[in-house]
Amino acid sequence: MGAKADFTVTVSKKEVVAAVVPLQEHWLPLSNLDLLLPAVDVGVFFCYKKQEALGETVSFGSMVSVLKKAMAQALVSYYAFAGEVVPNTVGEPELVCNNRGVDFVEAYADVELQNLDLHNPDESIEGKLVPTKTQGVLSVQATELSCGGLVVACSFDHRIADAYSANMFLVSWAEMARSKSISMVPSFRRSLLNPRRPRCIDPSLDQMYVPISSLPPPKDHHQTTDHLISRIYYITCEQLNDLQSLASSNGYKRTKLESFSAFLWKMVAFVAAKDNFDITKMGIVVDGRVRLGEGDKNKTSQMSCYFGNVLSIPFGGQSVNELIEKPLSWVANQVHDFLDQALTKEHFLGLIDWVETRRPEPALAKIYSNGSDDGPAFVVSSGQRFPISKVDFGWGCPIFGSYHFPWGGNAGYVMPMPSPAREGDWVVYMQLFRRQFDLIEAEASNVFRPLTFDYLDSLASVS
């Protein structure tokens, strides 16, 4: 049977799961890097095939029971996910760690796993299998499928956690479900991200971040009939290797992420040219944990388990004509150059200082807030640490998992993750304009292949 999006999801139960041993209520301030995030929720979901234990099917009820018990245990260490975000006296968001708990929804969907249209998550996942968070910091939904399969999905407040933090939690939750001890205990030590005295701020940060009060009003785009939509593709390791070879030149080997991003930037430029734009921008999300720990073994260890946001989004703008006409290696060099400026300890220390000088006024990454005013823009965030093989709650690894992040900006968002089906392949969540997808599918269908259950199942059954 083909992919199906017109299925019904019926909620059977709603419950709040709190930490089994709550801490004393306390306030946890957001770090300066947390304060750069808008109030948006991030979705993530995992699909599991019907499982049998000793010849007997594992029931939905028993799986939900395991999930809830393990959640209550994991929240003891990950208490931030059981709290609430409230404004402080100057209007900044803060986290009250009050063990409010996590909204946990149980549901049934009249669709088989093999018929889920994973290529079109706006139709099959959004608002159906990934919960819409209404309260608290984290919401969870466990959905039984008609074939006996299971989808476990979460929505969390990005102001409290980045993907690295969420990945830590997901692995710990699964470890608890398998009666194992947590392999990484999170740290909420905000002093690790304290500003310096005296402050030291590179002027380039004013090109990357902007106080919200300084934002110009959004312009009317002539793309008014188009809007951002989500798709999920897979890219084979052979295609990634080919892109990397084309993107590397003169003895400089570019990373797969740089090569992929450069290729996508060229694709977006082709559409921009048709819309008579002169410039297009691309940003890449950088995690600062390793950089902030440089030269200090103790801080390196502390940053490796730090829970919160430690992100920066450097970006570059290039002429549409140059992106089209120049070889992929030239585009990859531009990507490498703007990315390189953020791969330092000083960049992140300076960004922390930059926020401090503007508090309590909120600020945003420029490419998120007005990235496409003078041409299309998108951001690439590497999901190569996505721990899909470790999110095993006791009934096997997921056959598929992905982040789902319609982030609300006017720039696109792209996250490549490791494929669970074949080592070296990528699964890529993409939120772009429909016309951009049309061109990608017309001109690069050999690279971007629509994700299907057949791809996941045929390769998984071989391995």
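Tutor: Buried means under 20% relative accessible area, exposed means over 50%, and partly exposed lies in between, with a 1.4 Å probe and protein chains only. The model is predicted: local features need pLDDT of at least 70, side-chain atom pairs count only at pLDDT 80 or more, and totals for chains, interfaces and linings use all residues. Residues are numbered from 1 along each chain as its sequence is written, and side-chain values use heavy atoms, with hydrogens and water left out.

Student: Is Glu443 buried or exposed?

Tutor: Glu443 belongs to helix 13 (residues 434-443); helices are DSSP runs of H or I with at least four residues, strands are runs of E with at least two, and both are numbered from the N terminus. Because its relative accessibility is 58%, Glu443 counts as exposed.

Student: How far apart in space are Glu443 and Lys281?

Tutor: In sequence, 162 residues separate Glu443 and Lys281. From C-alpha to C-alpha, their distance in space is 20 Å.

Student: What is the phi of Asn250?

Tutor: Asn250 lies in the loop between helix 5 (237-247) and helix 6 (256-274). Most residues other than glycine have a negative phi. Asn250 is not a glycine, yet its phi is positive, at about 55°.
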